[in-house]
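The sequence and the model are shown first, and the description follows.

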Amino acid sequence: MTSMPYKLVIGLEVHAQLSTSTKLFCGCSTEFGAPPNTQVCPVCLGLPGALPVMNQRAIELALRTGLAMNCQIDSVTKWDRKNYFYPDLPKGYQISQFDQPICGEGYLDFPDPEAPGEMLRVRLTRAHLEEDAGKSMHDEAGGKADSRIDLNRTGTPLLEIVSEPDMRSAQAAKAYLTELRLLLTYLGVSDCNMQEGSLRADANVNLHLEHEGRTVATPIVEVKNLNSFRAVERAIAYEAQRQFEAWKKTGQEMGQAPKQTRGWDDAAGVTVPQREKEESSDYRYFPDPDLVPLRITQQQLDTARGELGELPAVARRRLESSEGLKAYDADVIVSQGRGVLGYFDALIAAGASAKRVSSWIQQDVLRTLKEQNLEIEDFPITAERLAQLLVAIDAGDVDNSRGKDVFQYWLDTPSANLEQAKSALGIESVDRGEIESLCRELLEENPQVVAQVQDGNLKGLGSLIGAAKKKNPNADPKLVRQLCQAMIEAMG
């Protein structure tokens with residue numbers, strides 16, 4: 001982005017649905033996928049006489065998140081009514097938090113996607129609790145042009161995490177969102193399922209340009225309801241270029257045009273205007289008269305702090321410093337989630353070496369999980385069993401390629417132990433003398449390869465290894481290569 005004639009300025013507002021079984025102010029279920037309008041009550045609808053009752057679990061999850069994001073937690077937080085009209089907001093207001101959010105200023109550090117090994121820091125303005133609105137469904141594709149309302153989502157607890165405009169590229173915004181989702185899932189406070197709307201982002205975007213000796217800022221645009229990482233990255237990149245072209249035509253600066261809300265059309269790859277953005281005064285905030293302010297106790301904070309567990313940034317540092325992994329490998333393991341990290345740790349505890357574990361998880365375990373659409377919790381090969389195999393490979397009792405055969409065998413027969421798997425696959429130790437005889441035989445049969453290697457082309461050794469495996473599947477490829485090369489060199 002440094003080659004661009006402007007500086008891109010991005011702030012994200014992220015709505016994360018908290019993992020509570022009931023809504024923020026009533027006992028209605030938050031389960032996704034129920035028939036429309038079957039999970040609502042007088043509180044959801046704001047009917048006269050219905051009073052909200054605060055969900056303590058949502059408070060606990062918000063505190064845990066705030067501590068993990070290094071946020072300031074004040075001793076008192078309160079609830080406010082944010083007044084506006086939407087067809088899927090039957091009360092005409094949303095219970096939210098205005099001037100006393102549950103989590104104040106904080107920050108989040110994450111790997112810089114454009115400078116490997118470096119870290120970026122995004123400051124957080126606040127994180128506040130609020131209830132979600134319902135869902136409008138427009139049947140434009142069906143040609144009926146009708147709209148229906150599903151209020152099941154009304155009142156679902158959200159934590160809105162607001163960043164400062166610290167990001168300078170679409171890639172950095174995507175990396176921030178990726179780290180935030182990873183953190184929330186590590187904490188167990190949200191499933192962050194973007195397909196089900198559990199994690200949504202609004203991007204505030206504008207440009208700073210150097211023009212006629214001064215810095216010019218373009219009007220801020222908010223791109224709403226981005227529900228995938230790809231959408232975040234594409235929408236910001238598009239919006240940056242659109243604002244630059246608009247500025248060249250109009251010369252409009254911040255303050256000369258109102259803030260605008262735009263939607264993202266993923267199919268067309270463009271942002272489209274929706275409305276001019278309201279200021280906070282337009283929402284006529286006032287304290288909710290049905291909910292008393294909430295006092296946060298030291299005991300609540302201590303409990304939340306005790307539930308944090310090892311956070312992703314700490315886990316990365318541990319894998320690098322204690323296990324000797326490269327930064328890239330540590331990041332890949334940690335970014336798969338707490339389940340895969342736990343599997344890694346269990347393999348190490350069972351005696352396998354960290355580098356071999358890292359390699360096998362990245363190459364074999366993750367590939368299998370993707371191919372079979374499995375979660376690590378459902379992976380058929382236990383960490384203890386896989387560790388036995390990796391220890392045997394390190395000890396030279398099983399060569400790496402035959403280890404892959406054992407791995408595949410275990411996917412179908414996970415109850416077999418290592419010896420049973422080796423027996424079923426015919427894996428046996430091969431004497432070095434047998435390998436030497438095999439190599440001599442191969443060199444006699446492949447004089448053209450011998451000539452290639454003598455001319456300095458070592459690629460031919462690969463074909464000898466393949467031929468050796470056909471003759472004896474248990475031949476150690478590494479030893480075959482070493483012996484063949486040594487024999488050819490000895491031929492002069």
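The largest nonpolar core has 77 residues, of which Leu12, Ile161, Tyr176, Leu177 and Ile236 touch the most other members. A nonpolar core is a set of buried Ala, Val, Leu, Ile, Met, Phe, Trp, Tyr and Cys residues joined through side-chain atoms within 4.5 Å; buried means under 20% relative accessible area, with a 1.4 Å probe and protein chains only. Ten residues of this core come from helix H3 (residues 170–187), which gives the most. Leaving aside residues up to four places away in sequence, Ile236 touches Leu8, Ile10, Ala170, Ala173, Ala203 and Val205, a contact being heavy atoms within 4.5 Å. A second, separate core holds 42 residues, including Ala330, Phe344, Val357 and Leu369.

This is a predicted model, in which local features need pLDDT of at least 70 and side-chain atom pairs count only at pLDDT 80 or more, while totals for chains, interfaces and linings use all residues. Residues are numbered from 1 along each chain as its sequence is written, and side-chain values use heavy atoms, without hydrogens and water.

An unreviewed UniProt entry annotates residues 342–488 as "domain: Asn/Gln amidotransferase"; such annotations may be inferred rather than shown by experiment. Over residues 342–488 the chain is 72% helix and 0% strand, with helices (H or I, at least four residues) and strands (E, at least two) taken as DSSP runs. The end C-alpha atoms of residues 342–488 are 47 Å apart.

The whole structure contains zero disulfides, a disulfide being a pair of cysteine sulfur atoms within 2.5 Å.

Note on methods
Buried < 20%, exposed > 50% of the residue type's maximum accessible area, 1.4 Å probe, protein only.
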